[in-house]
Structure formats: C-alpha cells, structure tokens
Amino acid sequence: MAKKPKIAKKDLTIITTHVNADFDAIASLLAAQKLYPHALVVFPGSQEKNLKNFFINSMVYLFNMADLNDIDLSRVNKLVLVDTRQANRIGKLSSLLGKQNVEIHIYDHHPPTETDIKGHVEVYRATGANVTILTEIITEKGIRLSPDEATIMCLGIYEDTGSFTFPSTTEKDFSAAAFLLSKGANLNIISDLIARELSPQQIVLLNDMIQAATRYNVNGVEIVITFVTTEKYMPDFAFLVQKMVKMENLDALFAIARMENKIYVVARSRINEVDVGAIVTALGGGGHAYAAAASIKGKTLAQTENKLVEILYSKIKARRQAKDLMSSPAITVEAGVSCKEANDLLTQYNINALLVTEQNGDGETLCGYITRQVIEKALYHKLDSAAVRQYMTIEFATVAPDAELLEIQEKIIENKQRVLPVLQNGRITGVITRTDLLNILVRQTQQPPNASPDLLKETIPARTRNVIKFLKERLSSRLNDILRRIGGVADDLGYGAYVVGGFVRDLFLYRTDEDIDIVIEGDGIEFAKKYAKLEGARIHTYEKFGTAVIIYPDGFKIDVASARLEYYKFPAALPIVEMSSIKLDLYRRDFTINTLAIQLNPDTFGTLIDFFAARKDIKEKIIRVLHNLSFVEDPTRVFRAIRFEQRFNFTMGKLTAGLIENAVTMDFFRGLNGRRVFAELKQILEEENPVPAIRRLDDFDLLKVIHPLIKFDKHLVAMLNSTKNVLSWHDLLFLDDSYMKWVVYFLILISQCDRNRSEELCNRFELAPRYLKILCEERFEAAKCLYWLERNLPISNSTLYQKLTGFRTELILYMMAATRQQEVKKSISHFFTRLRRVTISLKGRDLKKMGLEPGPIFREVLQTTRDAKLNGQLKTRKDELEFARNYIQ
C-alpha cells in the first residue's frame, strides 16, 4: 500500500485538545474551528471510542479533520489549544512548543498552574465547560451556527457540568446552553448520549471498582480510593467514576486504573475541603477543584497510591474551625415576636432553637436564644401571645469563625447550650448546634487520631446473616432442594447465584410466594440451559435482556436474569466481589424491601445479603425508594409503592410520600406510555382488596392519570365496596368458571365514561381487541339490561334467563355490583346460581319422532319447553315430551 503524502500546506493552523478527549473537548474543537475556519482539527492521541463513533461516523462533515501522521509539523505556524494547557497532555504536538515561528493560542477553563503552556493569546475563564468560553466568543462575533453544530457544542456543556449539577457549573454555562438551544441544539440527541447505558464490559469494570474501594479518613475528611486493571483501554472511564460517586454517594473519589501500560487517575470531589485539581496536578495531571485527571507512565499502581496518599495528607486540611462546622445563615427571631409565631418558625425550618435579636441603629444585635422545649411549655400554659424576650436564655457563650473544635466543645458542653452563635465583629455569621458537635465527635472516635493511613482503610460492607435454618422452616423440602441445585449448577460454571426480590421479601413477611427470581453473576442464559437440561425442564430465553424462564413439567417456573455477562477472576477467593456485582443489580430495583438477596452457591448457601437496610424497613413496615430520583426515572413505581403499601399494610416513608407528591406536581405521568400505566393499574385491581389502594391513588391525586372523569366520591366508594362484596360472594361459591377480577373493578371505575371516552381510554392503554369489546360494547349492553331490570321486576324466570343469558361472568358481576336495588341483585344472583345452567333433555330427534319437519319450528318448540322448565312447569323428561306434543298440536 502506498504511503499517504504528508499535508505540506504553508502557514498551517492546527487545532487540538488533550488526549482521551471527552465531549467537552470535542465540542471545543468544533467551536474553535468556527473561529479559525481554515485550520485543521487534529487529535493528539487515541480518541474515545464512543466519541469517534458518534462524531466521526455521524457528523464528520462538520470537522476539517486530519490525521496527525499526515501533517508536516514543520509547516505549522499556529497551534490552537482547547480545554488544556498542559504539555504532557497533547502528545507529539508538544514538539511545536517553544518554536519561535509557532504562535500558540489557548482557550481553557482549568485553573492556572505553574506548569501551564505560555501562549501568545490566552483566554481563561472559570466556567463549568470549556466550550462555554468559545460559545461566548462566537456569540460576540455573531458567527452563525447550524443546528448540528449547536447540538455538539451544547453536548459538551451538558457533559462537563453533569447536566448543570456539578458544583463547578456557572451562570455562563446556563447562558451558553440557552444560546445554543436557540440555534437548534437537539436535546434528544444530547439526552441519548449523556444518559447512555453501560456496556457489559463497563459493568464489569464498575463492579471491580466498587469491590476494590477503600476509605481513608484524612484529617477528618473521608476519601475513597479504588483500583482497577484492564488489559485494554476502557472508554468512558471518567463516566464510570462519576457513576460510582453517585451510586455510593461519595464526597471524594480517586480512581486509579492501569490500562495497557499506563496508569490513569480520575478524581471527583463534591466538597470544598478536597480540591482534586490541586491534588492531581501534583501527580502530573490537572483539572478543576471538583474534577481532575492524570495519565502517568513508568509507575506501578502501588507507587501511584503511595504518592497519592502522601499528597492527600499534605493538601487536605482538617474541618475543625467554627466557620467549617457552622450552619449559615442562622435562623433568627425578633425579641418581640410571640411564642406561637416562634413555634411556627421552628416547625417551618425543622430546628430546635432560635437565636433572638433586637434591632438597633447599627442593625441586628444578638440578645439571647430560645429552645423548642421552652416554647412548647409556654404554649402549654396558654402563653401563645407572650413575647419570646420574656422566656429566652440571656446568658450564653459565643465563638468567632476561626474558633477551634476544642473551644467549641468546651462552650457547648460546659454551658449546656443547645446552640452556639458564631459572631464576627458582633454580627451573626452562623450557628453550631449540639447535634453538629456530636456528629464531629462521633466521627473522631471511629478512628484513632494518630493512626497511619493503612489503619484508616475501611472496606464497603453489606449486612449479612445466615438464614439456612429459616429457609428450612419456611420452605418446602422441594423448594430447598431446588435452591441448592441452582447454587450447585452455578458454582460448576464459576458463577454466583442468588434468589432475590419478592420471594425473599415474602419469606420475612411470612407470606407465601413461590415465584422464584434468580440472579446469576455471569451468563444467565448459559446457566438456565444447563440447569434445565439436568432437571428435564423446558426453557424460554430472551437473549436481548440476558434472561430466561425455566418451566418444569408440572408448570412450576423459575425466572433467571444475568447480573452481568462476564465473571471476576477470583470468584471463590473474594465473596465481596460477588456482593458488589449483585449490589448493582439490586440498586436498580424499586424499593428497599425488594433488595434482599440470598446466596445459593454451596460454600455460602443461605447467606442473606442486605445492602439497603431492607430488613429494617420490613420490620418497621415502611415503603422507601432507593434514591430520590426513583419516580423521575420511572413514574410507574408510584403505583407499585401504593400497591405494596396497601397489600402489606405498610406506611409510606415520609421522603417517599414527598417524592410521590412532587412527581404528581411536576406531572411526570404526562408522557408515560398508556400501556405501562394500565399494567400497573391492572395489578392493583387484581389485589385481594384493591379498594384501599384506589383510595390511596385518590389521596395522591393519581386517579386523573387513569382518566379525569374518575372521581373518588361517595357513589364510587359505594360501588367499589359493593364490587368487593359481590366478588367475595362469587368466590365462596367455589365454581369452576374463572373470571378476570380486574375487569369488574375497571368497569366500575369507568362507569361514568361514555362510549367515546371509553374507546379513547382503551386505545391509550393499548388494550387487546377482546378487552375493547367487553369495555366499550358489551358493557353498554349490560347497562341497558340492568336499566330494564330495575324498572320491570318482578318477572318470570324465563324472561330473566332471556335477558341475562349470553353475558360473560365479568358483566354479570358488574351488574350485581352496580345496582342499588336489592331485588335486582337477588334476581341476578338467582340467575347466576340456578337458572343459567338449566337445560332440557328434549332433542331434535324427539321432535322428528313426533312427525315435525326440521326448521325454525324446532327452535321455537325447544325454547318454549325450556321456558316452561325455567318457570317450574316441568320436572321430568316425560313432562317435557308431553308439553312438546301439546304445543305442537
């Protein structure tokens, strides 16, 4: 193959960024190209795979891109750097630095350091995303942008600000994003790329990171360091680090990875005490106070860790002064305010003490404090209107912002103060409570003050307990044997196996649930195939989701899911590896009570794993979500929360209830797929008694999500209770015919909807044609029949039979529930239990023997004979034959 000629254009301008470019870097390259339209865009090293795939394959036409190996660097006279000014981060292009004929232009948002490249043009601004700087310049110059260009640039802002949630986000980032949206930036594309799903390889790597996490207490600040090794470079390592920060709710995380032959350090911080930019810069990298990265050559993981720990102890200062511990601003009340108003303030801010102030010529002066205990006693003694100055504490200590922990401790404890005001030049700057002090002292006692870094390490735990005896007591011998065989097969394959979810939850609720859900740490489908073969069972697999259903000859089913597609190198040696993997699977579940898992591998069989305090919530009978965005991610979880709350007679957690109210207020259900709403509603209506859950839906104003016409008024309550009684009556008959319970309740719920609205609702719920027929056609025939019955009783049995025969069981029960007339209810019950199965022994051949020719007359005679039997006129076959002869004559 012929060698490609080098680009040898004179006066060449090159735009580049740092190695392992992220979305912000790519966006900055495009924005810089708008400022330097004749320049070439060059990557200094290997691109991130997802960026390469998206940008180069989908939007290559936007970039005037060139390969570094195709460029004659001697022809370059201008080098434009974006999102970096570190020589060790631009690869081979660093050879251009220092050349007199090369002009350096820099656009960067990272804080300045001593090792920065010096440029002829330097634009530095403190922004969350680097492309924000270039967007501002483009705006000032009035340069036009296409929608695709605006999308890429806006994507950079969203990524580097964590969708505007990172502490480094500035007002300028919001303004730049608003400008780009006005130019046609596509938020759907941005959302798809920002909220991308983890690949199987990334899940494995994230599992390893969680397993390897250790905690350091550095000068009173908790730091987490994790390590990972991969033979190949893993794209989006920084994305995984951010994911771990969110999942584990960490204040500061340093991830050290050996990929190929290089060490990478990615750091994230959410607290002011840990400036990861300064720390990582000391390792040879760079970044912001909240996000930083470094690539290191010629060092091992151990050497990098030792160096990092040394830097941590030198850079992180203890949070022990009053200004670091205080809450600010302090909540104050004027001395003349009544005790009742002060009590309202305590409730409003959920605090236990108020600082009391008085106004003077120079402003506000602190004159005392008053506690909740004092105010409650005042209210008890009917002193609601008394001024707080009459009962406030006027002898109190204060501290300055730079007061050390020892002074704070002495003043709160020795003076028995509930609150300690922090004053600077007589002005209130904050307050420290007894609870604040207690939290600090408790954290101190957890680690020796002079302990070395190694002694301060702390692995991330899970609550475990052996429940083998409990399993034997609660489960049949068959189920115990099945669970053991599942663990044995998984162990043979080198996989971890767990029984999870509702099955485990119901064990501890002492409820019966034989629907077994198994999670396999490995290839769940491979496991299912081997297990099914050994058991002589059938199997249905779903390759897309890595799941399978095992079906025994007697119909018993086991659901199998994969926690991940690959297994760790040391499955037996480190059980916590298995726990970390299962933790990811459990974290995706809806509520804490559904996150229990029991290990099934032979060596650990019967070990209960509880990462999220599920047993505590089961004991306290509380429904809690796993994280605050649970209902944002999946609003249908609201219906499940209500269903579980009512089924188990639990209480909704305060936070969870608040999040449901917020989901309703924010109308997260508006864009919800109707089929998903119906699936959850159907499960509620199939509960043993769905009425309390329907009432709870009304409490949260959720009935409107089903249909705005559904009102939980006295009429609907009466009909729902009537339905419950009717269905209980039917179930006690122990009849062979089955019916759809949810249909009866649903008919009641939509009873106020006319035909058009009913069809509209069924179409939104994407119901099958057979349900559409029941709800939108047969329902109205049943209503017409009920209307007639309510106005024409009493009637003969034969007339009753003619009116009701042909209606399916659900509609018969619906009519019984809907009527308010006891006589009608009894008549329908009489038909259902006695008349509907009445038959005659008279046949067509009998009529032939009587000399009757086949034709419409046959039907007339048979129907008339049946009517006579229904009305009690005929008892025996002889009676039927005689009646038929007389009728024919």
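Predicted model: local features only at pLDDT ≥ 70, side-chain atom pairs only at ≥ 80, totals over all residues.
Just after helix α26, Asp701 takes a positive phi of about 60 degrees. Most residues other than glycine have a negative phi, and most peptide bonds are trans. Asn249, not a glycine either, has a positive phi of about 55 degrees. Asn249 sits in the loop that runs between α8 (237-248) and β8 (252-259), and its relative accessibility of 59% puts it in the exposed class, because the cut-off for exposed is over 50%. Asp667 also carries a positive phi, near 55 degrees, and again the residue is something other than glycine. The loop between α24 (654-665) and α25 is where Asp667 lies. With a relative accessible area of 33%, Asp667 is partly exposed.

The peptide bond between Leu793 and Pro794 is cis, with omega at about 5 degrees. Pro794 belongs to the loop between α31 and α32 (797-804).

Back to α26 itself, which covers residues 691-699. Its buried residues are Val691, Ala693, Ile694, Arg696 and Leu697, so an arginine is on that list, given that buried means under 20% relative accessible area. The cover over these buried residues includes the helices α23, α25 (674-685), α27 (703-706), α28 (714-731) and α29 (741-749), along with the strand β26 (651-652).

Thr636 turns up in the loop between α22 (630-633) and α23 (637-647). The side chain of Thr636 makes a polar contact of 2.5 Å with the side chain of Asp634. Leaving aside residues up to four places away in sequence, Thr636 touches Leu672, Arg676 and Glu680.

Next comes a helix pair. Two packed helices are described by the angle between their axes and the distance between the axes. For α30 (residues 755-764) and α31 (residues 769-792), the angle is about 170 degrees and the axes are 9 Å apart. Because an angle over 145 degrees counts as roughly antiparallel, α30 is roughly antiparallel to α31. On the α30 side, the contact is made by Arg755, Ser758, Glu759, Cys762 and Asn763. These meet Leu772, Leu775, Cys776, Glu777, Arg779 and Phe780 of α31. By type, the residues of this contact split into five nonpolar, four charged and two polar.

Zooming out, the protein has 37 helices and 26 strands. Its radius of gyration is 37 Å, well over the 29 Å that the globule rule gives for 889 residues, so the protein is more spread out than a compact globule. Taken along the principal axes, the C-alpha atoms fill a box of roughly 125 × 95 × 65 Å. Buried residues account for 51% of the 889 residues. As for contacts between residues at least 6 apart in sequence, 67% join residues at least 24 apart.

Technical notes:
Residues numbered from 1 in each chain as written. Heavy atoms only, no water. Helix = DSSP H or I, 4+ residues; strand = E, 2+ residues; numbered from the N terminus. Polar contact = N/O pair within 3.5 Å; in protein donor to acceptor, adjacent residues only side chain to side chain. Contact = heavy atoms within 4.5 Å. Axes fitted to C-alpha atoms, helices over the stretch in contact; angles between N-to-C directions. Parallel < 35°, antiparallel > 145°, perpendicular 65-115°, else oblique. Nonpolar A, V, L, I, M, F, W, Y, C, P; charged D, E, K, R; others polar. Rg over C-alpha atoms; globule rule 2.2 N^0.38 Å. Buried < 20%, exposed > 50% of the residue type's maximum accessible area, 1.4 Å probe, protein only.
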